[in-house]
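Hi,

Here is the structure I promised to hand over.

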Amino acid sequence: MSSLLKILNRLEENIDKGKEIDFKVPAIWNSFGYKGLKETKGTISVNPYEFYSECIKKTILPYYKKENNYSNPLSKLVETKKWDGYIGGDWIKKANVYGMQIRTSSAYDHDGSGNLELNNRFGLKDTGTFLKTIALLPHLKRMGIDAIYLLPISKNSMRYKKGEMGSPYAVKNFFELDPTLKDPMLGEDISIDEEFKALVEACHILGIRIMIDIIPRTSARDSDLIFEHPEWFYWVKIDELDTYAPPYVEGIKAGDKPSVENLPKVYSSESVKNHIKKFCPAPNVIDEKKWNSIKERCLKDKSLDFFDLIQQEFGITTAPAFSDCINDPQPPWTDVTFLRLYLDNPEESAKYVDENQPPYILFDIIKANLFQGKQKNLELWERIADIIPSYQRKYGIDGARIDMGHALPKELEEMILKNPREFDEDFCFIAEVLDNKGDKAAREANYNMIIGTAWAEEPRFYKGKFNKLVEDMENLKAPIFAAAETPDTPRAASRLGGKKFSKFVAVMNAFLPNGVPFITSGFEILEKQPMNLGLDAKEENRFLLDKNDPLYGKLAFFDKYALHWENSENDEILNILEDVANIRKEYLDYITDINNYVKCRFDRENILATAYKVNDEVLLVVGNLDFEDSVKLSKEDIEKALGFSIVSLKTIFKDFRKADKEEKDVVLKHGEVAIFVVK
């Protein structure tokens with residue numbers, strides 16, 4: 001029996017449990033006509049067991065085919081139309097992607113206590129789970145989503161945690177799912193693995209692919225791997241932690257990368273010399289007998305914590321990670337450490353340190369793509385290279401983003417990219433490349449796409465950056481995410497233009513050349529609070545909510561956080577996304593083939609346009625980047641921008657809704673985008 005059907009059976013068996021529960025869910029989750037007991041302020045009260053079972057029966061099972069094994073990757077279940085130059089995973093170029101963090105996107109204050117709890121007054125979870133995420137799938141399908149990118153779902157550490165929940169990027173065990181994502185509604189005998197399998201199956205039944213995020217360069221400071229191989233990590237004396245920080249190097253510009261040329265200056269720095277002295281050997285190297293004793297005690301008594309014992313008995317701890325940029329003002333990343341990819345120091349650096357120097361973290365060590373040792377930590381490499389295949393074998397995932405892939409040795413990166421495609425030749429890889437100029441190298445390395453810079457350029461439309469972005473995108477060798485926000489950046493709704501800007505990009509991002517539309521969970525309800533402050537953000541971005549909001553000052557990456565789903569007034573964005581997704585789908589083969597792209601340049605800086613040949617017609621998308629004033633475009637203006645004469649101009653989208661009207665002159669309201677079919 002499939003995992004989804006097992007879960008459905010369990011929910012139906014327990015429907016009576018939910019009859020007396022005043023369990024609230026956002027009304028927007030109810031996209032299948034469930035009859036809630038009452039509706040107040042954008043919420044409905046439901047029997048949760050019945051609500052989730054009805055969702056599965058009404059919106060997913062009608063598409064279920066008994067002959068299909070939906071725990072396989074979707075590429076094994078559907079035929080993908082390929083084109084010249086296609087490499088495995090290029091389906092992403094035609095995808096419409098939704099990025100989500102499970103514990104946040106499907107979180108809600110179900111018992112109305114005012115707090116998000118792991119165990120609320122009903123004995124259930126307010127934080128997100130794999131089960132509750134299944135109920136969001138119809139909502140995603142409405143927006144035309146056919147691929148989901150999940151922030152890390154692996155077991156994360158709560159030690160040295162930032163915020164209430166710890167970062168999903170502080171991975172304690174690469175091969176286990178985070179236990180907080182399990183739903184107590186299903187009982188203990190249905191495993192978390194079964195629950196995630198059910199989510200993947202549900203996605204595949206609906207034609208949605210699932211991509212995960214893996215973090216091969218770092219791990220939690222108390223990683224489970226330490227119990228097996230403490231020598232795979234970097235260690236410092238605990239009494240040195242108070243002064244532990246990235247060393248400052250005189251004479252080097254802030255943000256510079258380590259290079260062969262600047263290594264002499266780095267290693268001659270007194271700050272660097274003092275930093276390196278803080279490091280010590282691994283516990284099994286310091287005293288193997290004592291280390292073996294700790295292991296034996298922990299194996300006998302499961303209540304003991306091996307990391308606590310290391311710190312208590314050896315007086316050492318794993319070294320916090322930090323940026324690979326020299327003189328970067330960022331403080332240490334206190335919840336993660338680097339994995340030791342080589343068992344010796346880089347060849348270029350070895351001459352600068354004593355041969356008995358214990359393993360240490362420094363800028364060159366971090367940049368393992370540029371600086372390598374002679375002794376590869378092959379057992380660790382093989383373990384890292386098996387992370388994705390393990391998720392393929394167990395769950396049938398379809399793609400992955402590689403975090404800090406740029407800092408991996410090329411040979412290890414190739415292993416990570418090669419193994420999954422032996423299991424699924426159409427597996428997709430996204431490179432964490434935040435510079436559009438990295439497109440060619442990423443493509444040559446067999447990545448299907450890069451993150452790119454749209455998230456930084458689009459909000460700076462007032463500086464002409466959006467227009468420049470589109471010009472750059474015309475020539476990219478690998479597509480980028482067409483998005484005004486990501487999980488790491490400020491929200492589009494908090495940028496200049498606010499709701500008008502969000503509506504603008506909701507349309508325009510579906511039609512950018514070499515762009516893959518990307519929606520960060522919450523964009524569709526105009527969520528203002530960022531999930532993280534990692535890119536393009538300042539500390540004040542944390543405090544955008546009303547001070548009376550219980551989520552004021554919280555960040556989803558680290559805290560218990562739920563999106564403001566009850567903001568039902570924001571259905572407008574959802575309706576726009578739905579209409580635009582349908583138009584994009586109709587013209588998908590044309591707008592994703594750069595050979596059909598028509599350069600369209602207006603003389604006015606506040607006009608942004610893209611165009612594509614569609615047989616003997618042209619699909620034209622024009623937006624007014626002035627959020628204060630309207631603009632009028634004559635037929636002659638449009639002819640000049642396109643470079644050819646126009647016979648007719650038919651509107652198919654205007655006033656942020658579908659339309660059907662012949663035009664002569666075009667008036668675009670402030671912040672408006674219109675779509676035309678031109679003859």
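A word on terms before the findings: a residue is called buried under 20% relative accessible area, exposed over 50% and partly exposed in between (1.4 Å probe, protein chains only). This is a predicted model, in which local features need pLDDT of at least 70, side-chain atom pairs count only at pLDDT 80 or more, and totals for chains, interfaces and linings use all residues. Residues are numbered from 1 along each chain as its sequence is written, and side-chain values use heavy atoms, with hydrogens and water left out.

The structure holds 53 salt bridges, each a side-chain nitrogen of Lys or Arg within 4 Å of a carboxyl oxygen of Asp or Glu. Helices here are DSSP runs (H or I, at least four residues), numbered from the N terminus.

E54 is buried, at 19% relative accessible area, while K58 is partly exposed at 44%.

Another bridge pairs K57 with E12 at 2.9 Å, N to O. Since K57 lies in α2 (residues 48–60) and E12 in α1 (residues 3–13), this pair ties together parts 45 residues apart in sequence. K57 is partly exposed, with 39% relative accessibility, and E12 is partly exposed too, with 32%.

D403 and R401 also form a salt bridge, their closest N and O atoms 2.7 Å apart; both residues are buried. Finally, shared partners join K155, R159, K172, E176, D222, D224, D305 and D308 into one salt-bridge network.

Best wishes

Key:
Helices (H or I, at least four residues) and strands (E, at least two) are DSSP runs, numbered from the N terminus.
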